[in-house]
Each structure stands twice: as C-alpha cells, then as structure tokens.
Amino acid sequence: MTIADALLDGESVDIVIEGAAIASVTPHSPCTSDIDAHGLSVFPGLCNMHSHAPMTLFRGLGDDQPLDVWLNEYIWPAEQRLTDELVYRGTLQACREMLASGTTAFNDMYFRLPAMAQAVADSGIRARLGLNLFGDADELDTLDDVMRRCSDAGVNLSLAPHSIYTVSEKGLRRSAEACKELGLPMHIHMSETQKEVDDCLREHGCRPWEWLDRLGILDLLGPNIIAAHCLHLSDSEIRLIGDHRITCVHCPNSNLKLGSGYRFPMLELLDAGAHVALGTDGSASSNNLDMIEVMKTAALLQKGWRGDPTVVPAAQILSIAALGHTIAPGQPACLFLADVRSLSDLVYASHGDSVVMTVVDGKTVYNKQQTT
Ligand SMILES: [Zn+2]
C-alpha cells in the first residue's frame with residue numbers, strides 16, 4: 001500500500017507499506033498511490049493502555065459521584081446484568097470509536113473476554129484483554145477455556161487483578177504466579193485515590209506498592225506489570241516502580257472526573273526508570289475513548305501543577321501516547337491520517353474527530369469518507 005503526499009514533521013512524504021510494516025518513507029514525488037493524503041498529516045497509531053471497552057454501555061451512568069459510590073451503587077450492579085451479547089456490542093462500539101480517533105491498539109481489563117475478543121477481531125484493532133480477577137482470584141479456574149477461545153480470535157491476554165483493595169493477599173499471589181507461569185503481563189489499578197493509600201496503611205502497615213513488593217510480586221514480574229493511575233506515590237514507591245521498570249498508565253480525564261487527583265508524577269517516574277503510557281479508562285468514567293483529548297489533558301496538567309510550560313512538549317506526549325512508535329521504515333504499519341497541519345494542531349487544537357483514516361498492521365480499518 002502507498003500513502004502519497006502526507007505531511008510528516010512539516011515535510012510532504014510518500015509512505016510505502018509492505019505487509020504489516022512501513023517499508024519506506026521518502027520525500028513526496030509524483031507517483032501512483034492507493035491513498036492520496038494531500039492536505040493531511042500522518043502520525044503513529046495511539047495506544048490506549050488502560051480501558052474497559054464494554055463500558056461504552058454505561059456512558060453517563062452515575063456521573064459526578066465519588067469513586068466508591070460510583071462503583072458500588074452504579075457500575076458493579078449494572079455489570080451483574082451483562083450478557084455475552086451486550087459485552088460484544090459494547091466492545092465493538094468501543095473499538096470503532098477508538099479506530100475513528102486514531103487509536104490502533106488498546107490494553108483492556110474486563111470479563112467475558114471471548115465475547116470481547118470476537119469484537120476486537122471483527123473491528124480490526126489490536127488489543128490485549130485482561131481477565132479481571134477479584135477476591136481470591138477464583139476466575140483463574142476458567143483461564144484455560146478463556147485462553148483457548150481468545151487465541152481462536154487471535155487476541156493477546158493479560159491477567160488483571162482489579163486492585164489491592166478488591167483482591168485478597170491470596171488472590172494477588174495466585175494472579176502473579178499464574179502470570180509468571182504463563183508469561184502474561186499483569187494489569188492492575190494502583191494508587192488511584194488517597195483513600196486506597198490510607199486503607200492500605202491501616203490494613204497492612206505499608207503503602208500500596210510496598211504491599212505488592214512485600215508479596216514478592218515486583219521481583220517476580222517486574223516490567224510485566226502495567227499499573228493504571230499511580231497518582232498517589234511516595235518517593236520510595238517511585239524508586240520501587242522505576243527499579244522494576246514497571247509501566248504506569250496516566251488516565252487524566254478519568255482521574256479528574258472522579259476527583260481522584262491530578263499530580264501524576266510523570267517526570268519523576270521517567271527519571272526513576274519507569275515506563276509511562278496514557279489511557280482513557282472506561283467510558284463510564286472518561287465518557288469517551290479519545291486519546292487525542294487525553295494527550296492534551298495530560299500535557300496541560302503537567303505544565304499546570306508544576307507551574308512550568310516547558311515540560312512535556314507536544315512531541316513528548318505523542319511519543320508517550322504512541323509507545324515510542326514513529327513513522328519510519330521498519331516500524332509497524334499502525335498509523336492514522338488527520339485533518340491537521342502540524343503536531344501542535346493535533347495535540348493542542350483538535351480532537352479525535354480530526355482523524356480521517358486509520359491503518360492497523362497495513363490494513364485500512366477506518367475511513368471517514370466511507371462512514372459519513
Ligand atoms: Zn480502570
């Protein structure tokens with residue numbers, strides 16, 4: 001596939017894609033092409049590293065409530081009524097929204113994974129789906145069946161103990177051991193609220209990351225841990241996270257809406273050696289799955305609470321949102337075309353609806369002209 005005359009860092013380029021990778025990026029010259037991108041800019045596909053895709057079904061449910069009230073009184077009761085069919089439909093809606101706003105891959109946490117995997121396969125997006133675990137992680141008893149049915153749909157898995165306050169010591173240990181045994185990442189909510197930290201201190205006499213460390217989970221899994229939120233961290237927790245090369249996923253719109261906090265220690269985590277990524281969280285708490293909006297909020301928050309407009313410039317937040325991928329030979333052919341003139345326009349002046357076309361693994365999976 002050839003994409004001709006796309007703007008990349010202010011230059012007009014032609015991009016040749018072979019299979020699932022970018023084969024060449026050269027200055028634009030008259031050529032035959034599959035896609036004429038004149039007037040459009042090209043960017044690497046965004047990776048939504050923390051989501052609960054089927055929650056498109058709950059958009060607007062329990063708005064403006066505290067996290068524990070929102071979970072206990074609205075979300076968890078509604079989730080009791082879900083069926084495979086509803087989870088499939090909610091996930092397909094999420095996949096379509098993500099593709100239409102430049103996201104080419106997402107890292108999720110939910111249940112009824114085979115139904116989700118089918119929606120992922122039908123949409124053409126890339127995904128890693130996390131099996132949500134609660135209490136003593138008895139859901140692990142179903143893991144063989146879930147893995148078989150998801151691998152039939154070609155989707156990757158992780159294990160996702162929900163959090164340290166909903167999963168027991170036994171459940172956390174079992175989850176970590178299963179991750180180690182099967183070579184799967186662990187995806188978990190961590191340090192989302194001050195209440196979580198206070199409760200952990202009262203129950204276990206230590207902070208949340210110190211609790212995982214005491215259980216041996218950080219040494220066991222290290223870089224295979226993906227932790228959403230990580231807002232309320234002590235200096236020693238930041239060192240622990242950095243030393244173990246863990247990925248922390250900032251979900252600023254969800255954190256702001258739920259009043260969880262806004263001082264994500266992005267620079268401190270990076271300095272300590274941790275990886276940082278961005279996510280939307282579920283669309284019941286962020287109300288959309290727009291990673292372009294997330295980039296703007298994340299960058300502005302860093303500038304705002306630090307009182308320093310020079311930190312986290314547009315290029316850095318795009319790199320974080322794209323997990324370091326670029327438009328260059330040898331990179332995955334996961335990219336999108338947007339109706340903007342520059343990176344500045346993308347990050348600071350637009351939203352997901354500026355996206356015109358999205359390509360995943362060399363295949364066009366979203367084309368605005370064909371959907372309007
Ligand atoms: Zn979440």
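The radius of gyration here is taken over C-alpha atoms, and the globule rule is 2.2 Å times the number of residues to the power 0.38. The model is predicted: local features need pLDDT of at least 70, side-chain atom pairs count only at pLDDT 80 or more, and totals for chains, interfaces and linings use all residues. Residues are numbered from 1 along each chain as its sequence is written.

**Exercise 1.** Work out how the radius of gyration of the protein chain relates to the globule rule.

*Solution.* Start with the 372 residues, for which the rule puts a compact globule near 21 Å. Then take the chain's own value, 20 Å, which agrees. For the extents, the C-alpha atoms fill a box of roughly 65 × 50 × 40 Å along the principal axes.

**Exercise 2.** Find which residues Leu-278 contacts beyond its neighbours within four places in sequence.

*Solution.* First, the criterion: two residues are in contact if their C-beta atoms, placed from the backbone, lie within 7 Å. Applying it gives Met-49, Val-249, His-250, Met-291, Val-294, Met-295, Ala-298, Ile-320 and Ala-321.

**Exercise 3.** Describe the side of domain 1 that touches domain 2.

*Solution.* Begin with the bounds, which come from an automatic or database domain assignment: domain 1 is 2–43 + 327–371 and domain 2 is 46–321. Their centres, over C-alpha atoms, are 29 Å apart. Next, count the contact: 18 residues from domain 1 and 20 residues from domain 2. Finally, sort the domain 1 side by class: 12 nonpolar (Ala, Val, Leu, Ile, Met, Phe, Trp, Tyr, Cys and Pro), 1 charged (Asp, Glu, Lys and Arg) and 5 polar (the others, Gly among them).
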